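Have a look at the sequence and the coordinates, and then read on.

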Amino acid sequence: FLNAGQITAVKELELIVNSLVNAGNSKEIEKYLTAFYQYSEENISNVKKTIQELKNKIDSETNPEKKKALNETLKYFEDIENSLNALKEEIRNLDNLGVLSGNNVAIKATNTVENSGLLTAKTDINIKGNSFVNRGITQSERDIFIETIGNILNTSRLTAGNSISITGNSF
């Protein structure tokens, strides 16, 4: 199974395959990480809230000078909102990123599981296979469990909010 695109599940993502390659391009991953750190839904929500508050103030303001200043501030926040939405769109349209994500992600392979893209979960990631190669980002907000008969190779990032359990021939 080769994934060079994006597979996302709101709840559970389970892949049962002979072998898995989650293929990402290192330049696209770098673009994603740069964009990710600049963007968050919380920021957009805060900006929208500020815009609505400014609109309410503008509607009730009677002083023309204060109203002009509020309109300038409103324009500034609308520009920020547009920039954040453009960044959100850029993240969504990245090519060759290789994204597998879900609330829980379970991968069972009879051969090798290879990740050179993004493998993310809100809670847990469970990987079982003959071997595991991580050249991308494997990240869970809670726990990561990796169990192989053979070797495990990590040349990039394994990150868990709580714990990482690795069982294999060598790491």
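Which residue in S13 does Val133 stand opposite? Val133 stands opposite Leu153 in S13. Before going further, a word on the ground rules: this is a predicted model, in which local features need pLDDT of at least 70 and side-chain atom pairs count only at pLDDT 80 or more, while totals for chains, interfaces and linings use all residues. Residues are numbered from 1 along each chain as its sequence is written, and side-chain values use heavy atoms, with hydrogens and water left out.

**Overview**

The protein has 3 helices and 15 strands; helices (H or I, at least four residues) and strands (E, at least two) are DSSP runs, numbered from the N terminus. Of its 171 residues, 36% count as buried, where buried means under 20% relative accessible area, exposed over 50%, and partly exposed in between (1.4 Å probe, protein chains only). Accessible areas come from the Shrake-Rupley method with a 1.4 Å probe; for residues, only the protein chains shown count as cover. Among contacts (heavy atoms within 4.5 Å) with a separation of 6 or more, 37% are between residues 24 or more positions apart.

**Parallel strands**

Two strands pair if DSSP finds at least two bridges between them. Back to S10 (residues 131-134): 3 bridges join S10 to S13 (residues 152-154), and the two run parallel. S10 also pairs with S7 (residues 112-115) in the parallel sense, over 4 bridges, with Val113 opposite Phe132. Both faces of S10 are covered: Ser131 and Val133 on one side, Phe132 and Asn134 on the other, are all buried.

Another series runs through S8. S5 (residues 99-102) and S8 pair in the parallel sense over 4 bridges, and the partner of Leu100 in S8 is Leu119. Leu119 also stands opposite Thr138 in S11, as S8 and S11 (residues 137-140) run parallel with 4 bridges between them. From S11, 4 bridges lead on to S14 (residues 157-160), again parallel, and Thr138 stands opposite Leu158 there. S5 has both faces covered too, with Val99 and Ser101 buried on one side and Leu100 and Gly102 on the other.

**Nonpolar cores**

A nonpolar core is a set of buried Ala, Val, Leu, Ile, Met, Phe, Trp, Tyr and Cys residues joined through side-chain atoms within 4.5 Å. The largest one has 15 residues, and Ile107, Leu119, Ile125, Ile127, Phe132 and Ile146 have the most contacts inside it. Strands S6 (104-109), S8 (118-121), S9 (124-129) and S12 (143-148) each give two or more residues to this core, and S6 has the largest share, with 3 residues. Leaving aside neighbours within four places in sequence, Ile127 is in contact with Ile107, Val113, Leu119, Phe132, Phe145, Ile146 and Glu147. Apart from this core lies another, of 8 residues, among them Ile44, Ile51, Leu54 and Leu74.

**Salt bridges**

The structure holds 4 salt bridges, each defined as a side-chain nitrogen of Lys or Arg within 4 Å of a carboxyl oxygen of Asp or Glu.

| Pair | N to O distance |
|---|---|
| Asp79 and Lys75 | 3.0 Å |
| Glu114 and Arg135 | 3.3 Å |
| Asp124 and Arg142 | 2.8 Å |

Asp124 lies in S9 and Arg142 in the loop between S11 and S12, so this pair ties together parts that are 18 residues apart in sequence. Asp124 is buried, at 11% relative accessible area, whereas Arg142 is partly exposed at 37%. By contrast, Asp79 and Lys75 are 4 residues apart in helix H3 (residues 64-92), so about one helical turn separates them.

Why does Thr123 count as buried? It does so because its relative accessibility is 16%. Beyond neighbours within four places in sequence, Thr123 is in contact with Asn103, Asn104, Ser140, Glu141, Arg142 and Asp143.

**At the surface**

Phe171, in the segment after S15 (163-167), is exposed with a relative accessible area of 62%. Together with Ile164 and Ile166, Phe171 forms a nonpolar surface patch of about 280 Å² accessible area. Patches are made of residues with over 30% relative accessible area and no salt bridge: like charges are joined within 9 Å, and nonpolar side chains (Val, Leu, Ile, Met, Phe, Trp, Tyr) within 5 Å.
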